[in-house]
Amino acid sequence: CSSDLLNVNGHEKTGMATPYIQERCINLAKRGLLALNPEWLGRGQLLEEKGLDHYRMNQLDLCGTSGLGVFHLAVRRALDVALGLPNADPERVAVTGLSGGGWQTIFLGALDERVKLANPVAGYSSYVTRVQFPSLDLGDSEQTPSDLATVVDYTHLTALMAPRPTLLTYNAKDNCCFRADYALAPLVQAASPVFRLLGAADRLRQHVNHDAGHNYGRDNREALYRFLRDHRFTATADFPLAEIPSEAEVRTADELRVPLLPGNQDFNSLARRIAAGLPLPGKPDRARLCAVVHAPEYVVVPTEAGSGSAWNAEVRRWRLRMGLDWTLPAVELTPPGARSTIVFVADAGRAAAAPRVRELLAAGHRVVAVDPFYFGESKIAGQPGLFAILVAALGERPLGIQAGQVAAVARWLADGRGLGPVGLVTEGPQTGLIGLVAAALEVDAISGLEQRGAMASLREVIEGDVTVMQRPEQFCFGLLREFDVPQIGALVSPRPLVAR
């Protein structure tokens, strides 16, 4: 019998054709191990399949089916194949990979006890660490799926490897993510007591590489070979610990290409199939909507931040504090003789929506233009979509936060600030959904809703093949399973709902 070593890829565009991956697999084969290297979804040969882009997995989440499950089932099936190879030894099954491959390594190893040894390389860090180093470690959709952090952190997944041999490899000079100086220690600190408790303290090891960049180069590969030798995953008595030069044996992508069967599914096609039967039958229920979007109830503590005049209106600027978590910018414009109040939110942000604000002022409304989380001045620099999916991983929902913020502004205005009812006006498909949920949940303070450019159905997200990085709040887990836009709109009734 021979050891099986499952080699899982990261986000390398060239996938299994990547030279260093091939060199590792060739070296393992020359040492008598069975080395299987499956292509990763959306990478390498599968990069041609647009629907397998990782940020499209959240289309399944919208339908109430975990997009993460597709990733996990794919790598588990690869393990099935590895164990089905001739001479495979089920007692000597290992898995390794860099970056996204390191993530697959710990996720599979922690949850599937058929894995007897794991070597994740620069593949993950604790959620606590990610918050501390947000410019480096936020992680993609599969690394930060909805609600995962409410169940388990990557510290726990590392500990779940015990008592099986686990080598944590990190790069000291990593220029991508999961750098050794901050990512490694919390994992070791959390997992070591569990390994000791099970009498396997020597089976948790660490290796820090000092070569440049985000790499699984020769030094890291030789650390793997030593670890396999030390834990008797060798298939030969003379097990070389040094890299066997294999550059001349590296194949091209065309040489490695595998013909695929027609009709291969992807995240978008799966989501279309599931969405066809949604939402499930049932009467719209406000309490259930609140639970699905995880809507918080904020209380506004306002601080005036300046005043002036513009467009023949009195202007007051506000910082609106909401609990301990959020402060939103808002500007209040009151024309002479104003007789009602409008809360205005726009996809482009309040600063870019001047023409619409002037229309509302001309119609005699006091306008309070506000930027909720992720919009306008409240948008986070860099890759804001990654922050939004991290929020969902921690058990909140961007949509619920945004709707809760808008509803809180309406309550603040309705509570003793005069000028009659408080209407809500939105502009764009994103704030259109936010406003719809806010109006459905806040019955007393919001007197009606007017939308411009809003979606007629949540299915437009799937039919338009939108990614979570484009409109993160629209991928609220399970929302389409129970509600579509008409069902949410029914909760606004009998107050007016106008869609233009």
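## Largest cavity

By class, 11 nonpolar, three polar and three charged residues make up the lining of the largest cavity, in a model that is predicted. This lining comprises 17 residues in total, and those that lie nearest the centre of the cavity are S146, A392, P398, P472 and F475. The elements that give two or more residues to the lining are α2 (58–62), α14 (384–393) and α15 (398–414), and of the contributing elements α14 gives the most, with three residues.

The volume of this largest cavity is about 120 Å³, and the structure holds two cavities of 30 Å³ or more.

## Second largest cavity

The second largest cavity contains about 40 Å³ of space, and its lining is formed by F71, H72, V75, W103, Q104, F107 and L108. Two helices, α3 (68–83) and α4 (100–111), each supply at least two residues of this lining, with α4 giving the most, namely four residues.

When the residues around the second largest cavity are divided by class, five are nonpolar and two are polar, while none is charged. By contrast, the lining of the largest cavity does include charged residues, three in number.

## Largest pocket

The lining of the largest pocket divides by class into 19 nonpolar, seven polar and three charged residues.

## Second largest pocket

In the second largest pocket there is about 450 Å³ of space, and of the 24 residues that line this pocket, L136, D140, C176, Q383 and L386 are the closest to its centre. Its lining has 12 nonpolar, nine polar and three charged residues by class. Among the residues closest to the centre, D140 counts as charged and Q383 as polar, while L136, C176 and L386 fall in the nonpolar class.

Technical notes
Residues numbered from 1 in each chain as written. Predicted model: local features only at pLDDT ≥ 70, side-chain atom pairs only at ≥ 80, totals over all residues. Heavy atoms only, no water. 1 Å grid on protein atoms, 1.4 Å probe; cavity = no way out; pocket = protein on both sides within 12 Å on 5 of 7 lines; lining within 4 Å. Points joined across faces, edges and corners; volume = space filled by probe spheres on them.
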